[in-house]
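The following exercises are meant to be worked with the model open beside the text. Try each task before reading its solution.

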Amino acid sequence: FQLDGNHRFIVQGWYVTHNTWCSCVIFLYKLAVASLMRNPQNFLGLSEGSSIVYSVLSVTKSVVAETAFGDLQNFMSRSPYFLEACHFDPDSKYSNYRIELPGNIMINAGSKGQHVIGRNTMGVMLDEGNWRLESSPDLKAYKLYDEVRTRIKNRFQKVAGFLPAISILASSARDESSFTEKVIKDITDANDLKTEKVYRFAIYQIKRHLLTLKTRWFKVTYGIKNIDPSILGGWYTEDGSPINDGTPIDSVPNGVKTELVPEDYLDSFQRNTKTALQSVCGISTGGSHLLFASTADV
């Protein structure tokens, strides 16, 4: 099927799946590597016959079935390796959120820590971690992710600098206080690119090879607390050089950060600059925190 507009597939509940696709590819690669080992339990220091678990978590069980777990099944059903060597059954609905593979390797899915804790979890993927449906969602999401990462490290790290496991956090951007921003700060502070890495790109950067963009770009300011992001006047080329077409070019205020955006996305930024900065550019931002965000609310 074909997608128009912003080329993102949205399932029930308005959950966008573009991050999930990349996570599933990485996850299945790690699964394939584990399943190709002659004796993965021995390699990982587990007793013979122990289960090796790869867990997928999302906002709710219904969402994980429609997004990450569903994508994993879809990919596996089109892979000769998983069909023939791993005996994956594409006709099974796997309604118990559990896929068993040879060598006591298992994929399970859920939405809470109890679906991971206590198992030999070699891989965990937390999908859309910024949108959990519970009280204190950011605190609980961070606690869950941190617990899982710590357990994996304590259980499987035998050699310094080498951990034969993976944890993936994928989410759309939200605000500066969100769960993913805390994780990103932890990774930035640790500064260990061999073990942890952040990938964050605007749609027009990651899909640049597929897009035919207009020649004019505009600047968006953000990054000052209690001031909402805004569009600056003036046009620029892709490399940031001003275009002298008679349009007044606004000066950049002190202390702000700027993002250069193609003209193709101008209507989205004019409707809601903060939301567009998050969904199009992947930038988490703060805001003015007004009691009434706009005159429409009044």
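**Exercise 1: a strand and its neighbours**

Val-53 stands opposite Met-106 in strand 5, where strands, like helices, are DSSP runs numbered from the N terminus (E, at least two residues, for strands; H or I, at least four, for helices). The model is a predicted one, in which local features need pLDDT of at least 70 and side-chain atom pairs count only at pLDDT 80 or more, whereas totals for chains, interfaces and linings use all residues. Residues are numbered from 1 along each chain as its sequence is written, and side-chain values use heavy atoms, with hydrogens and water left out.

Task: determine which strands pair with strand 3, and in which sense.

Solution. Begin with strand 5 (residues 105–110), which pairs with strand 3 in the parallel sense over 6 bridges; two strands count as paired if DSSP finds at least two bridges between them. Turn next to strand 6 (residues 121–127), which also pairs with strand 3 in the parallel sense, over 5 bridges. In this second pairing Ser-55 stands opposite Val-124, and Val-56 has Met-125 as its bridge partner. Finally, follow strand 6 onward: 5 bridges join it to strand 7 (residues 166–170), which runs parallel to it, and here Met-125 stands opposite Ile-168.

**Exercise 2: burial and the core**

Task: state how many residues of strand 3 are buried, and then find what Val-56 touches.

Solution. Strand 3 (residues 52–57) is mostly covered, with 6 of its 6 residues buried, that is, under 20% relative accessible area with a 1.4 Å probe and protein chains only (exposed is over 50%, partly exposed in between). In a regular strand the side chains alternate between the two faces of the sheet.

Val-56 touches residues including Phe-27, Val-64, Phe-69, Ile-107 and Met-125, not counting residues up to four places away in sequence, where contact means heavy atoms within 4.5 Å.

**Exercise 3: aromatic pairs**

Task: how many aromatic pairs does the structure hold, and which parts of the chain does the pair of Phe-69 and Tyr-97 link?

Solution. The structure holds 8 aromatic pairs, a pair being rings of Phe, Tyr and Trp (its six-membered ring) with centres within 6.5 Å, where planes under 30 degrees apart count as stacked, over 60 as edge-to-face and the rest as tilted. The pair of Phe-69 and Tyr-97 is tilted, because the ring centres are 6.0 Å apart and the planes are at 50°. Phe-69 belongs to helix 4 (residues 68–76) and Tyr-97 to the loop between helix 5 (80–85) and strand 4 (98–101), so that the pair links distant parts of the chain, 28 residues apart. Both Phe-69 and Tyr-97 are buried.

Now compare Tyr-204 and Tyr-265, which form a tilted pair at 5.6 Å centre to centre with 45° between the planes. Since Tyr-204 lies in helix 8 (residues 203–206) and Tyr-265 in the loop between strand 10 (257–262) and helix 9 (266–271), the pair ties together parts that are 61 residues apart in sequence.
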